[in-house]
Amino acid sequence: ERLTPALISEVQLAVTNPQYTYYRVPRVEVFNKKDYLRHGGWQSAPQVRCIKKGAFKNWPERIHSFPEIDGECGTLNNHMEHFSQGDLAMMVDKTCRYEDIEATLLYNAKRNVRVGTFFRKWIAELTRRLILNKGFLDGTAGIITSLYQAYSKTVTYLFLYEKYEESTHH
C-alpha cells in the first residue's frame, strides 16, 4: 500500500485536528505496478489504516480480519494505492500461500469438492469478474486479472481436493 500525496495531506490534517479515533481509507487496486483496476470487483471498501495509538486493542491474525479499536470511525476522501496485483510471478506466489489457507478453512468446515467443482468455480469466478463486474472495462489488465482470479479460485478447490486425498491415504 502506498499513500498518494493528496492522502498524505489529508492524514496530516486529520491527525492535527482529530475528529475520530480511527479512519477508513479508500483503496485503489494497482495491477502490474501501473494500471488502476476500477472494475471486476476490485472496488474495495475503505480499509482501516489510521488509528490513534491508545485506541488500538488487537488485530486478529486471520487474513482480511478487522482490528479491534475503541472509539468512533471516520472515512478519509483520498485513496491509497494497493499493489496486491504485482507481476504474475508475485501473483502465483501469493495464490499458493493464500489459497492453501482458504482450502484449509474449507476443509475444516467439511466443504465438499468434486471434479465438477473445479470447472464450476472457474466459470463462475470468470463470469463474475469479467462480465458481471465489467472487468473488461479495465482493458488488458482487467482481462488478465479476471482470468487470473478464476484460476486462483480454482486453485483453492484443487488444494481442498488434495487435502481430502491426503486424509484418506493416511
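This is a predicted model: local features need pLDDT of at least 70, side-chain atom pairs count only at pLDDT 80 or more; totals for chains, interfaces and linings use all residues.
**Exercise 1.** Determine how many helices and strands the chain has, and in what order the elements run.

Solution. 
- Count the elements: the chain has 4 helices and 9 strands.
- Read them from the N terminus on: the order is β-α-β-β-β-β-β-β-β-β-α-α-α.
- For the overall extent, take the C-alpha trace, which spans about 60 × 40 × 25 Å along its principal axes.

**Exercise 2.** Describe how α2 and α4 cross, and which residues make the contact.

Solution. 
- Two packed helices are described by the angle between their axes and the distance between the axes.
- Here the axes of α2 and α4 come within 8 Å, and they cross at roughly 45°.
- α2 and α4 are therefore oblique to each other.
- The handedness of the α2 and α4 crossing is right-handed.
- On the α2 side the contact is made by L88, M91, V92, T95, C96, E99, D100, E102, A103, T104, L106 and Y107.
- On the α4 side, the contributors include I144, Y148, Y151, V155, F159, L160 and Y164.
- Sorted by class, the residues of this contact are 15 nonpolar, 5 polar and 4 charged.

**Exercise 3.** Work out what relative direction α3 and α4 have, given an angle of about 155°.

Solution. 
- The axes of α3 and α4 lie 8 Å apart, at an angle of about 155°.
- Angles over 145 degrees count as roughly antiparallel.
- α3 is therefore roughly antiparallel to α4.
- The crossing of α3 past α4 is right-handed.
- α3 supplies T117, F118, K121, W122, E125, L126, R129 and L130 to the contact.
- Among the residues α4 supplies are I143, L147, A150, Y151, Y157, L158 and Y161.
- The contact of α3 with α4 has 11 nonpolar, 4 polar and 4 charged residues.

**Exercise 4.** Characterise the largest pocket: its space, the residues closest to its centre, the elements that line it and the classes of its lining residues.

Solution. 
- The space in the largest pocket is about 1200 Å³.
- The lining comprises 39 residues, and R27, I63, H64, K94 and Y98 are the closest to the centre.
- Elements that give two or more residues to the lining are the strands β3 (27-31), β5 (47-51) and β9 (80-85), and the helices α2 (88-108), α3 (115-132) and α4 (139-168).
- The largest share of the lining, 9 residues, is that of α2.
- By class, the lining has 14 nonpolar, 13 polar and 12 charged residues.

Methods: Residues are numbered from 1 along each chain as its sequence is written. Side-chain values use heavy atoms; hydrogens and water are left out. On a 1 Å grid over the protein atoms alone, a cavity is a set of points where a 1.4 Å probe fits but cannot get out, and a pocket is an open set with protein on both sides within 12 Å along at least five of seven lines; lining residues have an atom within 4 Å of a point. Grid points are joined across faces, edges and corners, and a volume is the space filled by probe spheres set on the points. Ala, Val, Leu, Ile, Met, Phe, Trp, Tyr, Cys and Pro count as nonpolar, Asp, Glu, Lys and Arg as charged, and the others, Gly among them, as polar. Axes are lines fitted to C-alpha atoms, for helices over the stretch in contact, and angles run from 0 to 180 degrees between N-to-C directions. Angles under 35 degrees count as roughly parallel, over 145 as roughly antiparallel, 65 to 115 as roughly perpendicular and the rest as oblique. A crossing is left-handed if the near helix is turned anticlockwise from the far one by less than a right angle, and right-handed if clockwise. Contact means heavy atoms within 4.5 Å.
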